[in-house]
Amino acid sequence: MNDSPAVGPTPSLEGFTADFYRWLHDGELRVQECDACHFRRHIPRVLCPRCAGDAWHWHRCTGDGRLYSWTTTHRPLHPSFTATPFTVAIVELDEGPRIVAPLLDCDEGDLRVGLPVRLCPHSGGGPVIPAFTARGEAMTTPGHTPRPDRKVRINERP
Amino acid sequence: MTGLADQGAIVGIGETAYSRGTGSGLSDLELLLLASRRAISDAGLEPRDIDGLMAPVMAVGGDDLAANLGLADLRFTGRSMMGGAAAVASLLPAVMAVATGTATAVLVPAGLNLYSHFRAKTVASRSDVESPLPPAVRDYYLPAGATAPPQWYALMAQRHMIEYGTSELDLAAVALAARRHAQLNERAIMYGRPMTLEDYLAAPMITTPYRLLDCCLDTDGAAAVVVTAADHSAASRHPRVLISGVAEGHPHPADDIAGRTDSFTIGLTLAAPRAYEMAGLGPQDADFAEIYDCFTFEVLQQLEEAGFCGRGESGAFVRDGGIELGGRLPLNTHGGLLSEAHVMGMSHVVEAVRQLRGTAGDRQVEGARVGVVTGWGDLGDGSIAVLRGERSARS
């Protein structure tokens, strides 16, 4: 399985999305937590979808989660992702929210619902994005440490 | 029955030819105008009789259509932005318009040169086609490599297969039924090209669990219907097809599959009970169904969420051939998006009307009186219409 997705389409680096990717750039995965009802959410929203509260803060996630679902793509469907096969997953974070992210360095045959996974921020040259790999066994390789790309300007944290 | 039940009728249907290969040779506008003129004529009306327009979700705006058709006194316009769910969803405002007297005849066209202008192949090589995507998808799915609909829905399909034991043979049953039905439809792209289970299994994997033959066609073409008040349908020379129930629904959140509390609750889950209540009919009353089949699993999921079987039971429902003509619920009798053509959901409406008029020829469902049609929009928006024919009452 290919473990190195190419540079994806660049997300809008504005507002909450800029903040989200800035945290990733520093190796952290953060989700919004409502100050009123404490509901944690990903994708970032202006209002809490549970209580409509507008006060929130970024909650730092451990980066641990479990595999919820996945698909392994064998035919290129986008010019940025031609190195097939690659796997895209839904990961349920230990903090609650689920997130769509690439799953790196795993054998398709080993994948199962509930597989423990761990954050490995990834950059193929573009903005650092959240990616995951299996946790528990010795899965760490140097290629999975954060590799912020200097050529891409990610706004300085205020 | 409640409210708007049976207040509106589909009195005209029209289609262009459906094509791939060298393409339609027509512009999107020309395709839509051709289908529209045919639908208006089929209704026994003239373009000047059209005073309501639900514009298509893509390609061409309502003003352009109205200017070309000479719709000089439009008094009701709208546009459903629900992708493949828009065609069926547009029937709801159309019924509202004719039932309230806001308009007397509403044209609802859909379609475009999906093959020659907007093909998946084109999307795969041009980044500027991404712009219509919701920000959540653009900013959080695309960078992850989840760039295309088959991947988004494969994530749902895979989870369903694990939770309920749904198998590739169940997906195959949907594709095979569509292809068999297409052999009875000369209009279908896959007419004359039958498919076996071996063909299905040998097709290249696109994104697990979807093989090439789990994915709909991209085609050029357009289709249209005309809706009038049920009691204004005298001009039509066809038996009335009443819109007994119609509803739309949206999953929450609509723009993020991963964020839903329940992975399998889609727009249709919420819309179907509303449409059935309005109609005073249920899934058990349907003689056939035209289910939006962008991918095979989405048919299974919609069968469950529209109440044709329980959650997790769709595999068993389709496995024994029960969705083929002659079975308990003939499904996508025209071949669907998988084997006829991709007309943004409108060909499903047209086929349902044809079945309820009794003019479906070799693929006619005998005695068809009630049909269910669904639409599916990106990330799970849903729409459903319960249509009722009056063929036996008049003939």
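Contact here means heavy atoms within 4.5 Å. By that criterion, 39 residues of chain B are in contact with 37 residues of chain A in this predicted model. About 3200 Å² is buried between the two chains. Carbon and sulfur atoms give 59% of that area.

Polar interactions also cross the interface of chain B and chain A. The rule finds 18 residue pairs in polar contact there. It finds 1 salt bridge across the interface. In a salt bridge, the side chain of B:Asp255 meets that of A:Arg45, at 2.8 Å from N to O. On the side of chain B that touches chain A, at least two residues each come from helix 5 (120-125), helix 6 (135-141), helix 7 (149-164) and strand 5 (205-207) of chain B. Helix 7 of chain B supplies the largest share, 7 residues. By residue class, this side of chain B comprises 21 nonpolar, 10 polar and 8 charged residues.

Chain A contains an open sheet of 3 strands. The strand order is 2-1-3, and the pairing is antiparallel. Strand 2 (40-41) and strand 3 (56-60) of chain A each have a single partner strand, so one side of each lacks a neighbour in the sheet. Strand 1 (residues 30-34) of chain A pairs with strand 3 of chain A over 5 bridges, in the antiparallel sense. A:Cys34 stands opposite A:Trp56 of strand 3.

Helix 1 (residues 15-25) of chain A lies across strand 1 and strand 3 of chain A. Helix 1 runs at about 20 degrees to strand 3 of chain A.

Terms used: Residues are numbered from 1 along each chain as its sequence is written. Chains are lettered from A and ligands numbered from 1 in the order in which they are written. This is a predicted model: local features need pLDDT of at least 70, side-chain atom pairs count only at pLDDT 80 or more; totals for chains, interfaces and linings use all residues. Side-chain values use heavy atoms; hydrogens and water are left out. Two strands pair if DSSP finds at least two bridges between them. Helices (H or I, at least four residues) and strands (E, at least two) are DSSP runs, numbered from the N terminus. Axes are lines fitted to C-alpha atoms, for helices over the stretch in contact, and angles run from 0 to 180 degrees between N-to-C directions. Buried area is the accessible area (1.4 Å probe) that two parts lose on being put together, summed over both. A salt bridge is a side-chain nitrogen of Lys or Arg within 4 Å of a carboxyl oxygen of Asp or Glu. A polar contact is a pair of N or O atoms within 3.5 Å; within protein, one must be able to donate a hydrogen and the other to accept it, and residues adjacent in sequence count only if both atoms are side-chain atoms. Ala, Val, Leu, Ile, Met, Phe, Trp, Tyr, Cys and Pro count as nonpolar, Asp, Glu, Lys and Arg as charged, and the others, Gly among them, as polar.
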